[in-house]
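Please look over the sequence and the structure shown below before reading on. The report then takes up one part after another.

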Amino acid sequence: MKLDKKILGNKRKDYLTWDEFFIGIAKLSASRSKDPNTQVGACIVSDSNRILSIGYNGTPNNFNDDDFPWNREGKTENETKYPYVCHAELNAILNFAGTRSELKGSRIYVDLFPCNECAKAIIQSGISEVIYLSDKYNGTPGNEASKLLFDQCGIKYRQLDPNQRILKLSLRPDEPIQFLDK
Ligand SMILES: [Zn+2]
């Protein structure tokens, strides 16, 4: 049986694209971060557009947020956040509760291009594509190492248009997301 075209309703036109939806989830995850300077979120997605895992930059399990050296500078490296903080991508990979084979061929959305440590974890986990918004460390040695790793290991990476639509998300009832002009 075929439905008469006349009875079909009009489909909504301004729904989110998959890229917008998943980078939105990554950004929403980032808002959970306690880091006062950098909030990064990541969302791992299967090739059939199922969300497999999410993560944001934060403290290792059982390391109390309030006892954490959140600063970027200190007398020694160990008085800064850098040796301790878990990045969003690594957390998303480690938070994944399924079997390793499900990550094979998946893609990761992240609002900042991955550092070289996360790049290695991404490669080893089986993720095959990285989709990112910001590349503010472009040209730094760590950033170039990430790109070399991805190029050598056949991981695709693409930057989303930084001039994305702006969504206004209300957490109040009966207030749908609004799409603002760019
Ligand atoms: Zn990282």
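**An enclosed helix**

The buried residues of α2 pack against α1, β1, β2, β3 and α4, where packing rests on contacts, that is, C-beta atoms, placed from the backbone, within 7 Å of each other. Helices (H or I, at least four residues) and strands (E, at least two) are DSSP runs, numbered from the N terminus. A residue counts as buried if 20 or more other C-beta atoms lie within 10 Å of its own, as exposed if 12 or fewer do, and as partly exposed in between.

Because 6 of the 8 residues of α2 are buried, this helix is largely enclosed by the rest of the structure; the buried residues are A88, E89, L90, N91, A92 and I93.

**About the model**

This is a predicted model, in which local features need pLDDT of at least 70 and side-chain atom pairs count only at pLDDT 80 or more, while totals for chains, interfaces and linings use all residues. Residues are numbered from 1 along each chain as its sequence is written.

**The nonpolar core**

A nonpolar core is a set of buried Ala, Val, Leu, Ile, Met, Phe, Trp, Tyr and Cys residues joined through C-beta atoms within 7 Å. The largest such core has 30 residues, of which A42, C43, I108, Y109 and V110 touch the most other members. Elements giving two or more residues to this core include α2 (88-95), β3 (107-112) and β4 (129-134).

Leaving out residues up to four places away in sequence, C43 touches F22, I25, A26, S29, I51, I54, A92 and Y109.

**A loop residue**

K34 lies in the loop between α1 (18-30) and β1 (41-45), and K34 is partly exposed, with 14 other C-beta atoms within 10 Å.

Notes:
Two residues are in contact if their C-beta atoms, placed from the backbone, lie within 7 Å.
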